[in-house]
Amino acid sequence: MAIRKAMVAGNWKMNGSIELVKDMSDAINSIKSPEIDVILFPPFPLVSAMIASGVITGAQTVSENTPGAFTGEVDAQLLKDLGVNYALVGHSERRSIYNESSDVIADKFARAQSAGLIPVLCVGESEAEQESGQTEHVVAAQIDAVIKKLGVAALKDSVIAYEPVWAIGTGKTASPEQAQAVHKFIRDKIASLDSDLAQGLTILYGGSVNEKNSELLFAQPDIDGGLIGGASLKAASFVAICNSAK
Ligand code: PEP
């Protein structure tokens, strides 16, 4: 038996509809299996419908603050009370479009966790950083921002998603070997602080995963599943990706 349970998560970004919740939940509920956790991250207005459909549900972001005067923000505890189980923190679109720093992302991680949500910490380098050999440095700094603020033990009830920015929504995927090397780097880095925690930690790959490339990516020893964007909006593709992780 694999050391870690497979996980496939779908990030709908600012896409989706009530009809898609219905189609996708029917498809996912028909392949439910103890071998894999399937989670969907719909936009906020669809969260309640997704929970009601029986699919494990995540939020695409959470506020780093407790309730108060933060117009437009969404509180982690409220999401937990609704039945949300996971929260993405540090997705590259939040980092680049909304200028979320690694420091703020660590605060969001802490707030999600203290409300009982499982944070999915997204990390990854840009194309320029990859080309200049900075991948490990960038990924390590993004993880260290959480470790420095909260301690390594905070990673116990979390998931890490390695998503090279140059692969997100571009159709360019990291090769299985390239992705495995970064996943191993992440696991080894955390193992140097807490080996048991690192062995139990789910690390997902994200970046143009589709039903044609998922099987080889998920077969890598340190890749425990995927965070899927575009292909999580098509039931047939997403189900095929989930099945390839079993
Ligand atoms: C994502 O948004 O996290 C993502 C990986 O997108 P895509 O699969 O479309 O590259």
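A residue is called buried if 20 or more other C-beta atoms lie within 10 Å of its own, exposed if 12 or fewer do, and partly exposed in between, with C-beta atoms placed from the backbone. The model is a predicted one, in which local features need pLDDT of at least 70 and side-chain atom pairs count only at pLDDT 80 or more, while totals for chains, interfaces and linings use all residues. Residues are numbered from 1 along each chain as its sequence is written.

The unreviewed UniProt entry lists Asn11, Trp12, Lys13, Gly169, Ser208, Gly229 and Gly230 under "binding site". These residues span 220 residues in sequence, yet no two of their C-alpha atoms are more than 14.0 Å apart, so they gather at one spot. Such annotations may be inferred rather than shown by experiment.

Two of the listed residues are set side by side below; a contact means that two C-beta atoms, placed from the backbone, lie within 7 Å.

| Residue | C-beta atoms within 10 Å | Contacts, not counting residues up to four places away in sequence |
|---|---|---|
| Asn11 | 26, buried | Phe41, Gln60, Leu88, Leu227, Ile228, Gly229 and Ser232 |
| Ser208 | 20, buried | Ala167, Thr170, Gly171, Lys172 and Thr173 |

Serine 208 is placed in the loop between strand 7 (202-206) and helix 10 (214-218), whereas asparagine 11 belongs to strand 1 (residues 6-11). Helices (H or I, at least four residues) and strands (E, at least two) are DSSP runs, numbered from the N terminus.

Strands count as paired if DSSP finds at least two bridges between them. Strand 1 runs parallel to strand 2 (residues 36-41), to which 6 bridges join it, and alanine 6 has isoleucine 36 as its bridge partner there. Strand 1 is also parallel to strand 8 (residues 225-228), with 4 bridges, and glycine 10 is partnered with isoleucine 228.

Around the ligand there are 13 residues, the closest being Ile168, Gly169, Gly206, Gly229 and Gly230; a residue is near a molecule if its C-beta atom, placed from the backbone, lies within 6 Å of it.
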